[in-house]
Amino acid sequence: MVIEKLAEKELKIVGSSDGWDYKKHSEWFLNEVRNDTKLRKIFEKKIKKEELISCFEDIAEGKVNPLKVLVEY
């Protein structure tokens, strides 16, 4: 996957390959996040999937300003 930095805190995917098994990689990553407290710290906010809409509302209203949100499904 090729990622291009557009501006501060903004990334855009400009290409991808079929080389990675994205589902397998995401399963590995999420298991690591669950088991590693240091890795969990990269997320500034943790929510359940049911909280997605209210989280976006809070961001839009300026109540919170997280850079990384972990959504638990």
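Me: Hi! Which residue forms a salt bridge with Glu 27?

Reply: Lys 23 does; in this predicted model, the closest N and O atoms of the two are 2.6 Å apart.

Me: Nice. Where do Glu 27 and Lys 23 lie?

Reply: Both sit in helix α1, residues 22-35, and they are four residues apart, about one turn of the helix. Glu 27 is partly exposed at 39% relative accessibility, while Lys 23 is exposed at 58%.

Me: How many salt bridges does the count come to?

Reply: Four. One of them pairs Lys 46 with Glu 72, at 3.7 Å from N to O. Lys 46 belongs to strand β3 (residues 45-48) and Glu 72 to strand β4 (residues 69-72), so this pair ties together parts that are 26 residues apart in sequence.

Me: And what about Asp 58, which lysine does Asp 58 bridge to?

Reply: Lys 63, with the closest N and O atoms 4.0 Å apart. Salt bridges with shared partners also join Asp 58, Glu 61 and Lys 63 into one network.

Me: Switching to aromatics: how many pairs are there?

Reply: One aromatic pair. The ring centres of Trp 28 and Phe 29 are 6.4 Å apart and the planes are at 50 degrees, so the pair is tilted.

Me: Last one, what's the overall pattern of the chain?

Reply: Along the sequence, the protein chain reads β-β-α-α-β-α-β. Of its 73 residues, 10% count as buried.

Key. Residues are numbered from 1 along each chain as its sequence is written. This is a predicted model: local features need pLDDT of at least 70, side-chain atom pairs count only at pLDDT 80 or more; totals for chains, interfaces and linings use all residues. Side-chain values use heavy atoms; hydrogens and water are left out. Helices (H or I, at least four residues) and strands (E, at least two) are DSSP runs, numbered from the N terminus. Buried means under 20% relative accessible area, exposed over 50%, partly exposed in between (1.4 Å probe, protein chains only). Rings of Phe, Tyr and Trp (its six-membered ring) pair if their centres lie within 6.5 Å; planes under 30 degrees apart count as stacked, over 60 as edge-to-face and the rest as tilted. A salt bridge is a side-chain nitrogen of Lys or Arg within 4 Å of a carboxyl oxygen of Asp or Glu.
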